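Trainee: Before we discuss particular interfaces, could the model be shown?

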Amino acid sequence: MQTVLQQIINALSLGSIYALLALGYSMVYGIIKLINFAHGDIYMLGAFAAYYVISLWHFNFITALLTAMVVGAVSGVVIEYFAYRPLRKSPRIAVLITAIGVSFLLENGMSYLVGSNARSFPQVIEQVNYNLGGVLISNIQILILVTALILMVLLQLIIKKTKMGRAMRAVSVDPEAAELVGVNVNHTISFTFALGSALAGAAGILIGMYYNQIDPLMGMTPGIKAFVAAVLGGIGSVPGASLGGFLIGILETFFQSIGLSAYKDAVVYLVLIVILLFLPAGIFGKNTEEKV
Amino acid sequence: MHLLQVDHVVRKFGGLTAVNDVSLHLDDQELVALIGPNGAGKTTLFNLLTGMIPVTSGKIVLNKNSQSYDLTKESATKIADLGLSRTFQNIRLFKDLTVMDNVLTAMTNKYHEGFMTAILRLPNFYQTECEMRVAAEKLLAIFNLTANANTLAKNLPYGTQRRLEIVRALATRPQILFLDEPAAGMNPEETADLTQLIKYIQTEFKITVLLIEHDMSLVMNLAQRIYVLDQGQILATGTPEEIKVNPKVIEAYLGEGDE
Amino acid sequence: MKANLKYILSWLAVMVLGFALIDVLILGGVIDTFIENMLVTIGINIILATGLNLIIGFSGQFSLGHAGFMAIGAYATAIITQYWSTELGFIISLFVGMALAAIIAAIIGTATFIRLKGDYLAIATLGAAEIIRNVINNLKITGGSSGMFNIPQLCSWPTVYVLVCITTVVLLNFIRSRDGRAIKAVREDEIAASAMGINTTKWKLAAFVLGGVTAAIAGSLHASYLQTIAPSDFGIMESISILVIVVLGGVGSMTGTFLAATVLGVLDTVLQNFGSLRMVIYAIALILIMIFKPSGLLGNWEFSFKNLFARFTKKKEARS
């Protein structure tokens, strides 16, 4: 029982990071139908931004988090403006390859600038472990979970309650119609990238605190897993992406804990395929059949 | 026994009943029209008959070569193989293929090349390709498309695209041809030509034709029988002369008069 | 018939001349081991990318798991030639790899093609390839995550050259036949294709299996030529780099795939001198090409002797 609870706590904190990443994927995909391969690398940039402001200027958690989010948002907007916007009317596969190119550029550019070695993430908050009846919870785990949840609620509020959120929803349904009724499509897409990338930046600092380690290639694997999570939840859906993220975190932690950690990736992908076969548009996705 | 027997077919989309208890039949070498106001469920009925979407309830049976085939639950592919071919209201050509390739593609199931024969380019391959091309050229000539054989389908003018759709459907060597608004977007002259053409292929290839059309001149000139569909139900059926004077049909088309 | 013979002979001449040219250049010392390695890598990439182009460009199905099939071929060859270190052993391993890839492609395809399309299909194929890799990573016979070393080198550049020719001829003849037309129809419009009696799932599967089989061939060559393989060679990055070749050359153009594989192969060799900046330059080149040439280098243009001869005759006619 204790181990089960322990694993649930671990799964939730890991899952919440995947969820934050998956949200960005989901939003970007929802609005321009692009698998933004560079999204995982924005999370890496966020982690590095936090690393530098903490170790050089001794920022505290909140200010470091905000820095990571701002760096994430700015890089997201810049990437969209220079790399994706010129390809708005091109075949989707060309944009996908561009996104892969951007991802290569960020990974290798960072390796070139700061070296490809892993470096340890500075302790921004001293770790305290609480023992609740045999279950170990660290303050960092709580912080990760709470931060992630607050950000998700904020995101949901922005999308549902603000004018920009309404514009985002409109553009994702039909960009041309949205433009006709006066929505500035370019601004809306930039805003979506800013929002999604800010969440990735936040996930970057959180993962740094979770694993105590960062490197320029850290975004690759979680990036792909987060996309899997977004697909699983139903791409374009905010609750779906969160659920998908938590689900992947739970699955991974579960298979690690029963001693099958070597097969955890295979199981994650197997679950993905099985779910897609039954729900071809993900858990919360709407299945649209082509009209004859 | 009728060639195609449709019994009490129903199709619901959520709460909406698009096709409600429709029964009809087609006989061998008949030219039948299906008319009705917009949204009456004509195209949905076509989609049901050609297996594009499944029926909610009802039964569709094909009787040919003294055999009965239950089409109710068959796939579109199987139904096409059994000799029911169609065109699409919103034109679904293989846009990036040439006119010739569009027609050849429709012959896929009628000719067999064999994987190894094709890979090794054995003499048989060239022979089959040649036969297919000759057959395709014949069809293209009937529809006056020979000059366009190597044009990409997407580069054809609208009316020509519609004609190519009919050629493509014919290339599957159907027994029943379903034409969904073949004259849509055509001028009166083109429509008159098309009317002749449909009549010609119906007798030449000895096939049954069911067509949806809004152009009444075409319908009245061609059809031996007419079904009138309104709000998913068969409102009336009969010869063109009977339909013209049927008060229910007039009312459905003109709305309820106050006089 | 006679005209067809002319095209066939022209192609044959190109293949033989290409072979002779490389042979002479090696004998003359122009091509050293370094360049020979580059040529072999280009050849293997051509086999991989033409197979993927069949799946993506001609049947229109988005696969992100091509490296999985490459892994199957590579490991089949590595394991079999370890025990049976002769040319015959290599040939048998080649066929075992192809057969295994065909079976696994058929299973993956049957499971996914009926229900999935577009990006969802891409993610499912990516997942399937990762499962294959994960299993290889955990088996004893495959050497686990450290991979396999000292695989006997039973193939050299002529083997690769001949196999590039064979797979290309097979793929092109397949595309330009009844089967190829059916596959293109599925890409163009699935609904219309099924209304013409074309079984869309069957033809998607045919392209997917054929593409998988050619990837297995490339894997066998890779293992036997490089003599060292590890599961990490066949990850998502490998699938993506094959995809990059296809898109760069032009989706739906086999000529483009040849060109892109060659350009990238040469670029990669030239950039070796730039050390760690290599990948940065590669990435920037990739982005710029896509921004300025989104349909790839050649779009869907295809080289053919038929058109070439036709142009010649036209010019002659114009002159006379």
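Trainee: What area is buried between domain 1 of chain B and domain 2 of chain B?

Mentor: This is a predicted model, in which local features need pLDDT of at least 70, side-chain atom pairs count only at pLDDT 80 or more, and totals for chains, interfaces and linings use all residues. Residues are numbered from 1 along each chain as its sequence is written, chains are lettered from A and ligands numbered from 1 in the order in which they are written, and side-chain values use heavy atoms, with hydrogens and water left out. An automatic or database domain assignment sets the bounds, giving domain 1 (1-83 + 174-259) and domain 2 (91-171) of chain B. Buried area is the accessible area (1.4 Å probe) that two parts lose on being put together, summed over both; here carbon and sulfur atoms give 74% of a total of about 1,200 Å².

Trainee: Which three residues supply more of the area that domain 1 of chain B buries against domain 2 of chain B than any other three?

Mentor: Contact (heavy atoms within 4.5 Å) involves 16 residues of domain 1 of chain B and twelve residues of domain 2 of chain B. On the domain 1 side, 31% of the buried area comes from Asp81(B), Leu197(B) and Phe205(B).

Trainee: Which element gives the most to the side of domain 1 of chain B that touches domain 2 of chain B?

Mentor: Helices (H or I, at least four residues) and strands (E, at least two) are DSSP runs, numbered from the N terminus. Polar contacts (N or O atoms within 3.5 Å; within protein, one must be able to donate a hydrogen and the other to accept it, and residues adjacent in sequence count only if both atoms are side-chain atoms) link two residue pairs across these domains, both residues at pLDDT 80 or more. On the domain 1 side, strand S7 (176-180) and helix H7 (188-204) of chain B are the elements that give two or more residues. With four residues, the most is given by H7(B).

Trainee: What area is buried between chain C and chain B?

Mentor: The contact joins 28 residues of chain C to 34 residues of chain B. Carbon and sulfur atoms give 62% of the buried area, which is about 2,700 Å².

Trainee: Which residues of chain C lose the most area to chain B?

Mentor: Three residues together account for 31% of what the chain C side buries. They are Arg178(C), Arg181(C) and Met196(C).

Trainee: Which residue of chain C forms a salt bridge with Arg92(B)?

Mentor: A salt bridge is a side-chain nitrogen of Lys or Arg within 4 Å of a carboxyl oxygen of Asp or Glu; the rule finds two across the interface of chain C and chain B. In one of them, Glu129(B) meets Arg181(C) at 3.0 Å, N to O; because Glu129(B) lies in helix H5 (residues 123-142) of chain B and Arg181(C) in helix H7 of chain C, this pair joins two chains. For Arg92(B), the closest N and O atoms are 2.8 Å apart, and the partner is Asp189(C).

Trainee: Which helix gives the most to the side of chain C that touches chain B?

Mentor: Chain C and chain B have eleven residue pairs in polar contact, both residues at pLDDT 80 or more. At least two residues each come from helices H1 (2-27), H6 (157-175), H7 (178-188), H8 (190-195) and H9 (200-226) of chain C. The most, eight residues, comes from H7(C).

Trainee: Which residues of chain A lose the most area to chain C?

Mentor: Here 46 residues of chain A are in contact with 38 residues of chain C. The two chains bury about 3,700 Å² between them, 80% of it on carbon and sulfur atoms. On the chain A side, 16% of what is buried comes from Ile97(A), Phe104(A) and Leu277(A).

Trainee: Which residue of chain C meets Arg92(A) in a salt bridge?

Mentor: Across the interface of chain A and chain C the rule finds one salt bridge. The N to O distance is 2.2 Å, and the partner of Arg92(A) is Asp119(C).

Trainee: What is the radius of gyration of chain A?

Mentor: Chain A has eleven helices and four strands, and its C-alpha trace spans about 60 × 45 × 35 Å along its principal axes. The radius of gyration is taken over C-alpha atoms, and the globule rule is 2.2 Å times the number of residues to the power 0.38. With 292 residues, a compact globule would come near 19 Å, and chain A agrees, having 19 Å.
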